[in-house]
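Please open the structure in your viewer and get ready to select a few pieces by residue number. We will walk through them one stop at a time.

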Amino acid sequence: MGRKKIALIGGGQIGGILAMICAEKELGDVVMIDLPQMEGTVKGKMLDLMASRPHDGYDVELTGSGDFAALKGADIVLITAGVPRKPGMTRDDLTEINLKVMKSVAESIKTHAPNAFVVLTTNPLDAMVYAFHKFTGFPKNQIVGMAGSLDTARFKTFLAMETGLSVQDVSALVMGGHGPTMIPLIRTATIGGVPITDLLSAEKIEEIAERTREAGTEIVQLLGNGSAFYSPAAAVVEMAEAYLKDKKRVIPSAALCEGEYGIDGYFMGVPCVIGAGGIEKILEFELTPEEQNLLETTLNAVKTTVAETGI
Ligand code: APR
């Protein structure tokens, strides 16, 4: 059996880190695809990465291309093509430009890799994954948006930073849309099994929840010229690895809900089982009335974002 083939569409900031982590984990051969005028850049990046392999001795092939035909044979496609935001912009400000990118990328995947599992990162995430599904008509288990894994990782990070405890022992769940209405579910957060409500004050926990909701914006403001890339790449790899190794991981992801949590016809952050079948299942549990209200609010925000695409 040969190695798996991982196709990256978009060889910018996130794409570059994605290639590096996928290679270091030996998840499969990686092809990075970008616009024809960017072919030299992505070929250069991949050749550079090829030469980093002897240090750790990982054996995977890394190639770059400006031709979407290079998608052929891909087991998984990770999309980061499009424009990131700059200070002062919301994710929704990217809708018009990134929608055009999604349309052309969707056509290419339909032509060259119609059976690949597809993970999208392009913002505004909830609208882009919705549009991609409409453009391709792929089955719902084959398409997912990366948001919840990142938002949850940010929540865990801030909890670990505040308590000074290992990030490895933090467990938590963030549901909802990829924007300021996302829901860091306080009652799911534990450190080594101990509820965070026993470790931190209610005020501190609320501060952390608010920082989580605005974490992407905090980074955009600090960077000054682009958006987060290390953490989004790591979050995508977590999902890709679950699929490629059939791990049945439970990862919050933007999946198409058809009745789950009372959501119908929208992609939104919910706990998903990811394995060889892609999005194999959405796990459901009962929300409190207060959480249910927050879910309504985030669903309305997702609907507004989607409506802006005009699809
Ligand atoms: N096909 C292929 N690649 C494209 C296309 C296209 N139609 N349009 C743009 N690209 C490429 C660009 O040439 C660039 O190399 O996508 C890449 C995007 O890289 P960056 O500008 O560095 O953006 P990045 O930080 O990686 O973020 C990508 O993910 O998190 C989201 O908001 C973020 O929408 C943004 C996306």
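Predicted model: local features only at pLDDT ≥ 70, side-chain atom pairs only at ≥ 80, totals over all residues.

**Stop one: helix H7**

Select residues 202-213 to bring up helix H7, which has 12 residues. From its first C-alpha to its last it reaches 17 Å, close to the 16 Å expected at 1.5 Å a residue.

Now colour Ile205, Ile208, Ala209, Thr212 and Arg213, the buried residues of H7. Why do they sit on the same side of H7? They cover an arc of only 140° around the axis, which puts them there together. An α-helix has 3.6 residues a turn, so residues three or four places apart point the same way.

What do the buried residues of H7 pack against? Show helix H6 (148-163) and helix H8 (215-223), then strand E8 (174-175) and strand E9 (183-184): these are their partners.

Next, select residues 264-275, which is strand E13. This strand is mostly covered, with 10 of its 12 residues buried.

To see one of the pairings, pick alanine 254 and its bridge partner in E13, glycine 269. The two strands form a hairpin with five residues between them, and in the turn glycine 259 has a positive phi of about 110°.

Key
Residues numbered from 1 in each chain as written. Heavy atoms only, no water. Helix = DSSP H or I, 4+ residues; strand = E, 2+ residues; numbered from the N terminus. Expected span 1.5 Å × (residues − 1). Buried < 20%, exposed > 50% of the residue type's maximum accessible area, 1.4 Å probe, protein only. Arc of directions from axis to C-beta. Contact = heavy atoms within 4.5 Å. Pairing = 2+ DSSP bridges.
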